[in-house]
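Student: Could you sit with me and show me how to read a structure like this one, feature by feature?
Tutor: Gladly; let's open it and go step by step.

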Amino acid sequence: MAAGSGGGPADRGEIRRHPLRNLWRLRHYLRPHAVEFSWLMLAGLAATAAGIAVPLVAQRVVDGPVAERDLAGLFQLAGLALLLGLAEALLIFIRRWVQSSSSVAMEATIRDDVYAHLQRLPPSFHDRWPSGQLLSRITSDLSVLRRFLSFGLFFLVLNLVTYLGVVVLLIRLHPALGLLVAASAVPLFLIARRFGRHYHAASRRMQDQQGDVATLVEETAQGLRTMKAYGRGPQLAARFAASTRALHDTGVAKGRLLARTAARLDLVPNLTLGIVLVAGAAAVAAGRLTVGQLVAFVSLQLMLIWPVQSLGWIIANGQEAATAADRIQEVLDTAPAIVDAPVTVALARSTIRGRLRFEAVTFRYPGTTTPVLRGVDLTVEPGETLAVVGATGSGKSTLLSLVPRLHDVGTGRITLDGHDLRDLRLASLRRLVATAFEEPTLFSMSVWENLTLGRPDAGEDEVRAALALAQAEFAYDLPWGLRTRLGEQGLSLSGGQRQRLALARAVLVRPAVLVLDDPLSALDVHTEAAVESALKRVLRDMTALLVVHRPSTIALADRVALLEHGRISAVGPHAELLATVPAYRAVLSAEPAAVPHPRLPAGPPTGGFPLVRS
Amino acid sequence: MTGGTVGDGSSPAQRAPGPAADPAYWRGVAPDPHADRSLAEDASPEAVARLRARSRALLTDVLRPHRARLGAAVALLLAQNAAAMSGPYLVMLGIDRAIEPLRAGRPGPLVAVAVSFAAAAGIEYAARRGFLTLSARIGQAVLLDLRQRVYAHFLRLPVAFHERYTSGRMISRLTSDIDSIAELVDGGVESLVMAALTIVSVAGILLWLDLPLAAVTLLAFPLLFWLSRWFARASAAAYRRTREAMALVIVHFVESMRGIRAVQAYRREPRNQHIFASVNDDYRQSSQHAFRLIATYSPGIKLIGNVTVAAVLCYGGARVLGGDTGVGVLAAFLLYLRRFFEPMQELSQFYNSLQSATAALEKLAGVLDERPTVAEPGRPVPLPRGPLRGAITFRAVSFGYRPDAPILAGLDLSIPAGQTVALIGPTGAGKSTVAKLLARFHDPAAGTVTLDGVDLRQVADAELRRTVVLVTQETHLFGGTVAENIRFGRPEADDAAVEAAARAIGAHDFIAALPDGYATEVHRRGGRLSAGQRQLVAFARAFLADPAVLILDEATSSLDVPTERLVQHALGTILRDRTAVVIAHRLSTVETADRVLVLDGGRIVEDGPPAELIADGGRYAALHRQWRDSLL
């Protein structure tokens, strides 16, 4: 697959392979439970046999001991019926008990595996796939699979066995009529096949739409404040209504398809029965068949009705499982684009000097044509702090994301102490590099857990020191101190507080290379100054690459690089650039641009804006 | 020296408290005791019973509009069943009445039987198809109704609710919980009606056939009842646990996918996997437990049925031997007895689905029961019309996110219409809280916030949102194009207006340079736009909304200095005749304000025009000096 990341969820019409192929590929999840499965199949078949035997014994009681007035025989046979009845219940119990553990265990294993795989896939994959689509795969799709494995598959086998058994008995009873019944399998097969095809498409559509609905819900939850701020509830509700309406329509269409097929499937044994009745009656009249034989034949044939009636449901269940398997495999088949090379080096923190070098680095996001970086050359010396400055959207954050290999460079290379980043073991590289992102990502977990993201073994003193450095001691004043669970995305904290926690988290890693993306943007002037002075001391021991917007933060940097049009156009100490590079001054200057700035439009019309109604 | 210790190694003795795998440890302690559930979900037996009743009421309520259709479905089902039952009867008729005439050369009766048979098959086909179609329609309509009701309610619930409930849980309610209701809806009606029908009619036949034997059969009923009651209690608790366990799986999944950059950059994968495996295993265990209950209940029913058959066999046989009843009656009784217990299995399955669906319905009912505390007024007061609108007053406003930690205590503040006010102060001073109260994300605990003299609690939501817009630092872009995202501010705006808004704040250039210009899909949460670009789009959105009161909470923090300057220039024009509250750490915005308020500890400590405050040499003057020095 292209770039190893595959297409987004939008690529839904791929080349048709066998519809059951992906379901079959999941068989290795069944393997650990193979013994259990054979047991439950056996128990299930035996239970069915016992279930059939009970009325036969009852019939024999009536025909034998009761008719012959044999009390002892009556109790014997009644005892047998009781035993069979107990055995049936016990066997059903065994089947369902075994099933209850193996099917949920399989479901849990697949879920773990999908999650593990998703964690390996690069951010570019996650940018394309809404998490609602991923979520529906590990919830709805997996329960469909579980249902198929615990019921659909079992009844498929049981019904086939029953069907074949009955047909064989029928043929032995009366070859001609028996073959007639056997021939009724042909229309059944044709109906089932046609249904399978149509249902396959419908069930896939339904699952995709379920993913869409999940995506919408997730997005709503994310954008809730924006929605509230603009009072756009009705608009979102309308969008959700459209999406759920589509799901509803697919559900109804699916139901209609199933209704039509189930009714048709039902019609076949009924009509066969009618033909058997007419032909049988004629045969009896002609003396080629006894009435007793005809009765026996018909009552056996009646046993076929249930297996056929449930056929529609089983096929539907199977098709749903097949498309669910497709959707799960789509994720599992996506190869992680950013992985360890066959031969990798692991560097120890102590051996690292920290010379970070960008050599003719280019980069463009997958699916776009315009490169963001067009040949970046830049060296950050060991222990140096380098700030990257550039206009909004110039690619600063992209440049930073290449260092922990969240994205890989297009051409060119990035080296750390001379090693190409791609030659380093990923885990080792990410241990050496700590990143604080522009938007601090916090999880709804304890403050402690959020802080020790990259250093699970950090001690309390270290955490305290990191919090002090980031001026984030407010964490101790939360109701439960560091054990307090943060609100989701840390939204119960202010922007500045979240940013300081994210900074503390990065510093706590004690990285060789610290990457900070506009780390102090939400801090007030006073706090910023305090953080800066503390940060300065820490930065002495490590190489640091920062993105900054404010001149005040630049004070942290030894040198500054100006990123313009995807290239580094100037590097040097702040004062020097300020004096010699007009573009640099323009990017940082608060004065209305004296130097023409490329991003500056012709200037707002002076007569007010047409959009503003006054 | 604080910074130094970070670089040092620390002794292993100073380890984090608690075992790492313990969820109570990694999840932390929620400040709100109701963090994991809606208020109605309480552990007390009364609360459980109340919620259960409410969930049943919800089910009845969503089914009510479909009464006629349900009736039709049941009628079709009965027709189908009657047609299906007539099959064996017609076979009997054919054998008993048609063979003799056929031997005599009269095919008439056989033809009649064959035609009736074909007709019955036709009726069965039509009725079955009709029933299945209809029940799918009803089921899907119920699901649609539930989804939309719950979604709409989620939108109505205040920000405070969502902050504690988490988005993962909201997603769980609207996906996984609805799925488990769908399982009931898919096959429920058929099995319930058929089973009830068969059991009642067969019970009648049994009583009519032989009263003493029927009495023996009835002895099974207390056992059935006892078993079902056990199952009802145990499975209700089990499925409730399943729903909660699933919600945790979803919460963890959604958050770790959303934060995948941080996860990967900090090599968090193994720990995440560990946590996921543990919540996943919790779910596995809880659903295994629930499945084991039905795995016991269903064979239990079977066992009672089979034992009853054996008992009837003995007793009935003895009665026949004693001459109290006929062989034929016993034979018939045994045949019908089987048909009596078979649907019990179906019924137990139905009961199981009902229990599972009810647990899910309880969760939904709990959400629906949640009162929107920041509610729309019942009788809204219209805002006065006039050229200059947007006067804001805070009167003795107190507020805190937690009762024990007040942020604002008796804040008084008056902003005349058209004034641009800058709010400054250290983090945690309550600046954002003022903004949120003004945008009515929360209602004050005491005191009032009024807009043009009208209490915000009395303003209709639509009117309030038309008048007041809050732009925050967190810029959310919805899936769709850039143009659609800007148009979110004013849905009826045309393309020209959208572009004009973008031009006004200097976002046009970068948007035009995108692959599809304004029609570029922003993808998931604006994946491909930088934070600054997203802020520009959010700004354009706010400008397009054209409110009388604009609140900017750190809305320019990710912009580079010249772009910010551009935005401010635009602001200067745009804010001229509207009220604005600006929160910014960068004081460049503040300079253009008419008035500066310095907030500390929830109180206004300085208030006046910027020039005056600088002259007074207070806090603002100090901050201003610091900021001036930081500029080029």
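Student: How many helices and strands does chain B have?
Tutor: This is a predicted model, so everything here is read from a prediction. Chain B holds 22 helices and 10 strands. Its radius of gyration is 35 Å, well over the 26 Å that the globule rule gives for 632 residues, so chain B is more spread out than a compact globule.

Student: What box do the C-alpha atoms of chain B fill?
Tutor: Taken along the principal axes, the box is roughly 120 × 65 × 50 Å. Buried residues make up 51% of the 632 residues of chain B.

Student: And what are the figures for chain A, starting with its helices and strands?
Tutor: Chain A has 21 helices and 10 strands. The C-alpha trace of chain A spans about 120 × 60 × 50 Å along its principal axes, and 53% of its 614 residues are buried. In chain A, 78% of the contacts with a separation of 6 or more link residues 24 or more positions apart.

Student: Where does UniProt place the feature "transmembrane region" in chain A?
Tutor: An unreviewed UniProt entry puts it at residues 34-54, 74-94, 148-171, 177-196 and 267-288 of chain A. Residues 177-196 of chain A are 95% helix and 0% strand, with end C-alpha atoms 29 Å apart. For residues 267-288 of chain A the figures are 91% helix and 0% strand, with the ends 28 Å apart.

Student: Which residues of chain A does the annotation "domain: ABC transmembrane type-1" cover?
Tutor: According to the unreviewed UniProt entry, it covers residues 39-320 of chain A. That span is 94% helix and 0% strand in the model, and its end C-alpha atoms lie 25 Å apart.

Student: How far does helix α12 of chain A reach from its first C-alpha to its last?
Tutor: Comparing a helix's reach with its expected span is a handy check. Helix α12 of chain A (residues 311-333) has 23 residues and reaches 32 Å, close to the 33 Å expected at 1.5 Å a residue. Helix α12(A) is also mostly covered, with 18 of its 23 residues buried.

Student: Now for sheets: how do strands of a sheet pair?
Tutor: They pair through backbone hydrogen bonds, either parallel or antiparallel. In chain A, 6 strands form an open sheet in the order β6-β7-β8-β3-β9-β10, with mixed pairing. Its edge strands are β6 (433-436) and β10 (567-572) of chain A, each of which pairs on one side only. Neighbouring strands of this sheet are turned by 20 degrees against each other on average, direction ignored.

Student: Which helix packs on that sheet, touching β6 and β7 of chain A?
Tutor: Helix α17 (residues 495-508) of chain A does, and its direction makes about 180 degrees with that of β6(A). Strands β6(A) and β7 (residues 513-517) of chain A run parallel and are joined by 4 bridges. Within this pair, V433(A) has V513(A) as its bridge partner, and A436(A) has L516(A).

Student: Are the two faces of β6(A) covered or open?
Tutor: In a regular strand, side chains alternate between the two faces of the sheet. For β6(A) both faces are covered: V433(A) and T435(A) on one side, and A434(A) and A436(A) on the other, are all buried.

Student: What is the order of strands in the 4-strand sheet of chain B?
Tutor: The order is β2-β1-β4-β5, in an open sheet with antiparallel pairing. Strands β2 (408-415) and β5 (454-455) of chain B stand at the edges with a single partner each, so one side of each is left without a neighbour in the sheet. Between β1 (residues 392-399) and β4 (residues 446-451) of chain B there are 5 bridges; one of the pairs is T393(B) with T450(B). Helix α13 (residues 431-438) of chain B lies across β1, β2 and β4 of chain B, at about 115 degrees to β1(B).

Student: One last item: what is phi of R510(A)?
Tutor: Phi is positive there, about 50 degrees, although R510(A) is not a glycine. R510(A) sits in the loop between α17 and β7 of chain A, and is buried, with 23 other C-beta atoms within 10 Å.

Key: Residues are numbered from 1 along each chain as its sequence is written. Chains are lettered from A and ligands numbered from 1 in the order in which they are written. This is a predicted model: local features need pLDDT of at least 70, side-chain atom pairs count only at pLDDT 80 or more; totals for chains, interfaces and linings use all residues. Two strands pair if DSSP finds at least two bridges between them. Axes are lines fitted to C-alpha atoms, for helices over the stretch in contact, and angles run from 0 to 180 degrees between N-to-C directions. Two residues are in contact if their C-beta atoms, placed from the backbone, lie within 7 Å. The expected span of a helix is 1.5 Å times one less than its number of residues. A residue is buried if 20 or more other C-beta atoms lie within 10 Å of its own, exposed if 12 or fewer, and partly exposed in between; C-beta atoms are placed from the backbone. UniProt positions are given in the numbering used here, feature names are shortened, and annotations may be inferred rather than shown by experiment. The radius of gyration is taken over C-alpha atoms; the globule rule is 2.2 Å times the number of residues to the power 0.38.
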